[in-house]
Amino acid sequence: MSFNILSPGLLTTVQDLGRHGYQKQGILVSGAMDAIALRVANLLVGNPEDSAGLEITYLGPRIRFEADHLIALTGADLSPVLNGERVKMARPVWVRRGSVLEFSTPRSGIRAYLAVAGSFAIPKVLGSYSTYLRAEIGGFRGRALKTGDLLPCIGLTPQGHKLWQALAGAYPAKDWGQAKWTPDPQLYPQPVASPVIRVLQGPDYELFTESSQHDFWHQEFTVTSDSDRMGYRLQGPALFRDEPRELLSSAVTFGTIQVPPEGHPIALLADHQTTGGYPRIAQVITADFSRLAQVPLGQKIRFQRISLEDAQCLYIKQEQDIQQIKKSLQFKIENA
Amino acid sequence: MENPQRNPSSTAAAHLAPVGDSGLVVQFGDAIELPTHLRVQAFSACLREHPFPGLIEYVPAFASVTVYYDPWVLSQAGRYNPYEEVTHFIHDLLRQAETRKEKLRSKVVEIPVWYGGKFGPDLEFVADYAQLSVKQVISLHTRGEYLVYMIGFAPGFPYIGGLNEKIAVPRKDKPRTKVPAGSVGIGGLQTGVYPIQTPGGWQLIGRTPLQLFKPQAASPSLLQAGDRVRFVAITEKEFERRREYEF
């Protein structure tokens with residue numbers, strides 16, 4: 001019972017919601033770049049939302065399913081195709097053994113998430129299934145998937161099996177199919193090509209010159225091609241401090257926007273280092289992490305300032321929306 | 001690194017600032033100095049012993065502790081201004097920490113090092129730069145105790161203070177793309193060990209057979225902030241005997 005990786009795509013890794021609690025030991029959080037998308041994918045197949053799924057980056061893999069499975073795809077629309085037919089995003093998909101999933105032209109966003117009912121049969125490392133590429137731990141053998149890998153699956157859960165039967169039962173002659181229902185797209189972030197990203201001022205904001213502060217709020221920044229899971233390198237007006245002096249290293253996190261001496265900001269992402277010494281001009285709000293993580297390389301973003309109170313309200317609102325999705329999906333699955 | 005003459009921050013009130021919508025930084029000073037380090041340690045110990053609801057984790061650094069929390073968890077408990085709520089918890093913990101007579105943790109970790117040879121390609125450069133013999137460099141490096149101020153940069157990577165100024169040498173002009181795990185290096189006034197293979201610019205003077213990062217262990221980093229470290233010179237034979245992993 002496994003996913004047979006016929007080709008791995010650009011960067012396909014196993015991720016969950018991250019490895020928390022070890023940053024004081026220098027260990028990265030990692031986890032899904034678009035955590036909301038992974039959570040929704042898991043909920044669609046009846047998994048706990050923090051189960052491990054695949055993060056698929058831009059150019060997707062080809063996967064042959066070596067057993068009957070219930071899967072769901074969320075996040076970026078990378079034009080998924082099952083046995084030659086287009087698959088819709090964000091709904092439970094049943095597949096029979098031997099079916100092949102592949103991807104073609106990316107249509108929106110950059111990272112898709114694939115959840116499978118029951119998730120993968122892989123060990124947890126330090127409390128998480130996430131792949132920590134640099135330290136070569138977690139996920140599937142501590143690395144991105146390669147051609148020929150057999151990624152073992154746990155197999156259909158009772159809930160997943162019930163939904164599989166309900167969806168597939170009416171189509172004995174078909175090799176795959178999907179539910180007609182999908183969560184309300186208003187309830188969770190959808191990829192936007194050139195989004196406005198909301199941020200709070202960072203602890204070192206005041207160190208920057210007035211004109212750099214002005215540029216930060218009013219100019220566009222392009223996500224450059226040397227960006228990765230660690231961070232987006234941004235090209236735009238260079239940002240400088242009044243008096244450049246060395247800062248003491250302190251903690252940095254997902255969404256921290258730091259500015260190295262040459263003036264081009266880096267927005268840190270899931271594989272951010274735990275501490276850093278560059279000045280932190282801003283911090284992306286949690287409710288915009290998904291939107292940021294889905295910006296394709298070469299696209300432009302803008303920053304907008306919001307208050308801490310508003311940022312926390314948006315955070316709580318986002319969690320309430322996920323709870324609503326969870327409830328409605330539980331109802332759908334129970335009554336399937 | 002430790003300058004007892006200059007420690008205004010050791011008594012000044014800690015400064016709190018938000019780090020986005022789910023974190024805050026408690027700043028104890030702005031220099032690498034022992035009194036500040038002790039406050040960081042005392043506050044970290046209080047957080048460890050008295051975690052508040054919604055606490056995710058905390059990250060001590062040279063002069064600050066960053067605290068990550070989940071506003072959703074706090075809002076579920078009926079707290080509608082999560083930041084304000086967390087600052088109440090933090091102020092309570094700070095009061096506890098300031099009255100607490102936190103001594104340096106007694107844990108001393110000995111790090112055996114095979115100096116020079118194929119694993120210490122820059123040892124002779126360090127000796128030449130410092131106008132010392134190789135033997136003197138080793139003797140200075142193994143003399144005295146070092147303090148682990150913080151862990152960062154890579155899993156289990158210690159920021160260590162206490163290097164003898166005589167062997168403080170600049171980093172390499174061009175960083176190596178691959179520094180092997182276990183390498184012991186000097187970069188400016190810092191010395192330390194690379195727990196995993198990474199790119200790095202320090203001058204490599206030797207290698208330890210110990211594994212500083214053990215991903216399967218409950219506490220994966222051999223060293224923790226606040227630990228004392230002593231380097232001990234060992235022979236190649238000893239190195240092979242104590243070696244904990246494949247290179």
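**Contacts between chains and domains**

Modeller: In chain A, the side chains of R229(A) and E55(A) meet in a salt bridge, with 2.8 Å from N to O. Please keep in mind that this is a predicted model.

Biologist: How many salt bridges are there between domain 1 of chain A and domain 2 of chain A?

Modeller: The count between domain 1 of chain A and domain 2 of chain A is one salt bridge, and 10 residue pairs are in polar contact between these domains, both residues being at pLDDT 80 or more. On the side of domain 1 of chain A that touches domain 2 of chain A, α1 (35-44), β5 (69-77) and β10 (108-116) of chain A each supply at least two residues, and β10(A) gives the most, with four residues. That side divides into 12 nonpolar, seven polar and three charged residues.

Biologist: Where are the bounds of those domains in chain A, and what area do they bury between them?

Modeller: The domain assignment gives domain 1 as 2-190 and domain 2 as 196-305 of chain A, and their C-alpha centres lie 30 Å apart. In terms of contacts, 22 residues of domain 1 of chain A meet 18 residues of domain 2 of chain A. About 1500 Å² is buried between the two, with 54% of it on carbon and sulfur atoms. Within domain 1 of chain A, the residues that lose the most area to domain 2 of chain A are L28(A), M33(A) and I110(A), which together account for 36% of what that side buries.

Biologist: Switching to chain B, what are its domains, and how many salt bridges does the rule find across their interface?

Modeller: Chain B is divided into domain 1 (15-99) and domain 2 (108-246), and across their interface the rule finds zero salt bridges and likewise zero residue pairs in polar contact with both at pLDDT 80 or more. The side of domain 1 of chain B that touches domain 2 of chain B takes its largest share, three residues, from helix α1 (residues 34-49) of chain B. The area buried between these domains of chain B is about 680 Å², of which carbon and sulfur atoms give 72%. L34(B), H37(B) and F62(B) lose the most area on the domain 1 side, together 58% of what that side buries.

Biologist: And between the chains, how many residues does the contact take from each?

Modeller: The contact takes 48 residues from chain B and 36 residues from chain A. The two chains bury about 3300 Å² between them, 63% of it on carbon and sulfur atoms, and D21(B), E57(B) and W72(B) supply 21% of the area that chain B buries against chain A, more than any other three residues. Across that interface the rule finds zero salt bridges, whereas 12 residue pairs are in polar contact, both at pLDDT 80 or more. β3(B) gives the most to the side of chain B that touches chain A, with five residues, and that side divides into 30 nonpolar, 14 polar and four charged residues.

Biologist: One more: is G156(B) buried or exposed, and what does G156(B) touch?

Modeller: G156(B), in the loop between β6 and β7 (158-161) of chain B, is buried, because its relative accessible area is 0%, under the 20% cut-off. Leaving aside residues up to four places away in sequence, G156(B) touches Q25(A) and G26(A) as well as I151(B), P195(B), L212(B) and S221(B).

Definitions and conventions:
Residues are numbered from 1 along each chain as its sequence is written. Chains are lettered from A and ligands numbered from 1 in the order in which they are written. This is a predicted model: local features need pLDDT of at least 70, side-chain atom pairs count only at pLDDT 80 or more; totals for chains, interfaces and linings use all residues. Side-chain values use heavy atoms; hydrogens and water are left out. Contact means heavy atoms within 4.5 Å. Buried area is the accessible area (1.4 Å probe) that two parts lose on being put together, summed over both. A salt bridge is a side-chain nitrogen of Lys or Arg within 4 Å of a carboxyl oxygen of Asp or Glu. A polar contact is a pair of N or O atoms within 3.5 Å; within protein, one must be able to donate a hydrogen and the other to accept it, and residues adjacent in sequence count only if both atoms are side-chain atoms. Ala, Val, Leu, Ile, Met, Phe, Trp, Tyr, Cys and Pro count as nonpolar, Asp, Glu, Lys and Arg as charged, and the others, Gly among them, as polar. Domain bounds come from an automatic or database domain assignment. Buried means under 20% relative accessible area, exposed over 50%, partly exposed in between (1.4 Å probe, protein chains only).
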